[in-house]
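Thanks, everyone, for making the time.

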Number of protein chains: 2
Amino acid sequence: MMNRLMEEVKKKEAPIVVGLDPNLSFIPSKIMNNAIAEYGETPDAAAEAVSEFNRALIDAVADLVPAVKPQIAMYEQFGIPGLLAFQNTIVYAKEKGLIVIGDIKRGDIGSTSEAYARAHLGKIMIGNAAFSAFDEDIVTVNPYLGSDGVLPFVKIAKEEKKGIFVLVKTSNPSSGEFQDREIDGRPLYMYVADKVKEWGEGEPYSNVGAVVGATYPEEGKRIRECLPNTVFLIPGYGAQGGKGKDLKEYFDKDGLGVIVNSSRGIIAAYKQEAYASYGEDGFADAARAAVLAMKEDLKEALS
Amino acid sequence: MMNRLMEEVKKKEAPIVVGLDPNLSFIPSKIMNNAIAEYGETPDAAAEAVSEFNRALIDAVADLVPAVKPQIAMYEQFGIPGLLAFQNTIVYAKEKGLIVIGDIKRGDIGSTSEAYARAHLGKIMIGNAAFSAFDEDIVTVNPYLGSDGVLPFVKIAKEEKKGIFVLVKTSNPSSGEFQDREIDGRPLYMYVADKVKEWGEGEPYSNVGAVVGATYPEEGKRIRECLPNTVFLIPGYGAQGGKGKDLKEYFDKDGLGVIVNSSRGIIAAYKQEAYASYGEDGFADAARAAVLAMKEDLKEALS
């Protein structure tokens with residue numbers, strides 16, 4: 001799946017994933033009001049609004065980008081209806097030819113990680129029938145529990161020809177609190193990077209990728225040196241402060257190997273001054289324009 | 001909530017939480033077959049079987065223990081119907097007076113962690129209506145992203161008078177891979193323990209607890225020295241190898257401050273030789289007997 005992801009990046013000339021993190025404040029009032037008119041002030045209304053918002057966004061960007069990344073927390077907060085919207089969004093995005101990266105950051109001990117991996121990448125047997133719950137193409141995984149927490153994801157990703165991204169160096173301000181701690185002169189995130197190398201396999205790209213925040217370019221460079229054929233999922237671009245030119249050293253020798261996420265910067269572009277002329281009703285066109293601008297910005301990183 | 005948890009531990013003389021991790025292989029065939037007869041070989045059948053199994057277990061142990069701990073992965077693997085069973089299990093356990101610890105091990109960057117915290121401990125506003133999705137009393141949180149990933153949980157736990165358990169030293173074989181790495185002579189888990197102290201507040205017990213595996217007694221002792229008024233959620237007892245006598249040093253000076261989890265050892269007790277006489281149909285009575293035996297075993301730790 002990482003190889004397919006990189007082929008799509010190449011074909012579309014866009015190492016971009018659109019983060020579908022539908023905070024209710026991003027959803028145009030017309031969509032929200034219609035949903036409330038139909039379902040009342042309920043989680044069903046929120047879920048309906050989120051689904052409609054996502055469908056319009058997916059339609060607007062599907063020919064431009066290889067992938068979308070729904071952040072499950074933003075759906076889980078609406079309970080069961082929210083998780084149905086998560087599921088429907090995955091189905092819809094796949095129908096439009098997009099690769100779906102489930103940003104789930106799960107991780108637990110062996111048998112429990114296996115249950116998560118089955119839920120999101122694999123299948124579960126019920127009697128003699130196999131059933132897929134959420135069926136993302138790639139998911140994010142938290143490494144704090146060590147190999148026996150991650151390997152069940154690796155195993156099922158391999159069986160299903162899918163992939164995972166392991167959190168190595170995250171984009172948030174306090175990511176360094178534990179991740180940067182120096183152990184014999186090397187930060188913790190480099191030990192995680194070593195394991196990402198060990199856990200993965202596949203050519204030209206490993207099926208185990210790494211999450212490396214756009215907000216830490218020095219660290220990004222260092223991790224790339226250690227992981228030449230690993231795909232980086234890069235959060236922190238745009239709203240969190242990362243810019244295309246900061247990402248120069250994240251790309252691999254072929255000018256590939258990365259997929260940069262933008263959520264708010266694309267899906268709520270219509271709220272920015274630069275795209276205000278689209279208005280609320282033009283949110284999907286504004287998102288499309290923001291993707292095109294991001295494409296240009298990322299080209300600079302390689303020029 | 002941590003204070004209430006400790007009061008219940010004292011009242012019931014049982015620092016025990018029953019892990020509701022309903023692997024399908026634990027569910028008696030009669031329950032599973034009935035569910036399949038009604039729903040076919042579908043996730044709905046799995047969810048119905050899980051719900052019925054849990055209700056019987058809760059009925060059998062509610063007067064003996066203060067809390068149950070459903071592991072969400074075991075429900076998430078069945079998709080939406082599974083998550084409905086998770087939700088129903090929480091409601092049922094609370095009706096029976098039990099405290100519910102959601103073993104969710106979530107953790108993300110700020111706004112995303114807040115969404116998780118709202119989903120599991122708090123409320124979300126939809127229009128002018130407030131809505132609670134899963135509404136556990138306490139949840140487990142992964143610290144790899146640092147303070148800004150954990151503090152949203154702390155904030156919402158405080159608002160809702162609930163609590164969290166942060167993963168400090170987990171019970172699995174490879175937990176040391178990252179958690180034991182030495183930084184200036186102290187392992188990483190001790191830096192996490194420092195933060196647990198800093199993040200929490202409350203008397204006599206902090207609202208931020210720590211997950212400390214039963215399988216690492218030396219580490220447990222060291223963490224207790226650092227965190228005298230923190231409640232430890234202790235996995236790894238029983239099936240993973242931890243024994244009551246290993247836990248002596250985990251208790252606080254009042255012989256409290258811990259809640260020891262057993263999942264398989266209780267809910268699938270009927271599969272063990274010691275409880276085989278209960279048979280499959282007697283799974284709930286076997287679970288009750290296993291709780292009573294665990295109570296005795298833990299008393300030894302304090303004698």
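Predicted model: local features only at pLDDT ≥ 70, side-chain atom pairs only at ≥ 80, totals over all residues.

Before I use any element labels, let me say that helices, of at least four residues, and strands, of at least two, are DSSP runs numbered from the N terminus.

Let me begin with chain A as a whole, which comes to 12 helices and 12 strands. Its C-alpha atoms fill a box of roughly 60 × 55 × 35 Å along the principal axes, and its radius of gyration is 19 Å, which agrees with the value near 19 Å that a compact globule of 303 residues would have. Of those 303 residues, 61% count as buried, and among the contacts in chain A between residues at least 6 apart in sequence, 72% join residues at least 24 apart.

Now to the interior. In soluble globular proteins, nonpolar side chains tend to be buried together. Here the largest nonpolar core has 219 residues, and those with the most contacts inside it are Val166(A), Ala287(A), Val166(B) and Ala287(B). Taking Val166(A) as the example, and leaving aside residues up to four places away in sequence, its contacts are Val141(A), Pro143(A), Val150(A), Val192(A), Val196(A), Val208(A), Ala210(A) and Val211(A).

How are the two chains related? Chain B superposes on chain A by a rotation of 180° with 0.0 Å of shift along the axis, at an RMSD of 0.0 Å, and the two copies are thus related as by a two-fold rotation axis. In chain B, the C-alpha nearest that axis belongs to Ile183(B), at 2.6 Å. The same surface serves both copies, in that 100% of the contact residues of chain B recur in chain A.

The contact itself takes 59 residues from chain B and 59 residues from chain A. On the side of chain B, the largest share, six residues, comes from helix H6 (residues 110-120), and the residues on that side divide into 30 nonpolar, 20 polar and nine charged.

Let me stay with chain B and look at helix H7 (residues 147-159), whose 13 residues reach 18 Å from first C-alpha to last, close to the 18 Å expected at 1.5 Å a residue. Which residues of H7(B) are buried? They are Gly149(B), Val150(B), Pro152(B), Phe153(B), Val154(B), Ile156(B) and Ala157(B), and what covers them includes H6, strand S6 (138-141), strand S7 (163-169), helix H9 (188-199) and strand S10 (208-212) of chain B.

Finally, some backbone details. Most residues other than glycine have a negative phi, and most peptide bonds are trans. Lys161(B), which follows H7(B) and lies in the loop between H7 and S7 of chain B, has a positive phi near 55°; with 13 C-beta neighbours inside 10 Å, Lys161(B) counts as partly exposed. Asp184(A), although not a glycine, has a positive phi of about 50°, and is exposed, with 8 other C-beta atoms within 10 Å.

As for peptide bonds, the one from Glu203(A) to Pro204(A) is cis, with omega near -10°, and Pro204(A) sits in the loop between helix H9 (188-199) and strand S10 (208-212) of chain A. In chain B, the bond from Glu203(B) to Pro204(B) is cis, with omega near -10°, and Pro204(B) is found in the loop between H9 and S10.

Definitions and conventions
Residues numbered from 1 in each chain as written. Chains lettered and ligands numbered in written order. Contact = placed C-beta atoms within 7 Å. Nonpolar A, V, L, I, M, F, W, Y, C, P; charged D, E, K, R; others polar. Core = buried A, V, L, I, M, F, W, Y, C linked by C-beta atoms within 7 Å. Buried ≥ 20, exposed ≤ 12 C-beta atoms within 10 Å, placed from the backbone. Expected span 1.5 Å × (residues − 1). Least-squares fit on C-alpha atoms with pLDDT ≥ 70 in both. Rg over C-alpha atoms; globule rule 2.2 N^0.38 Å.
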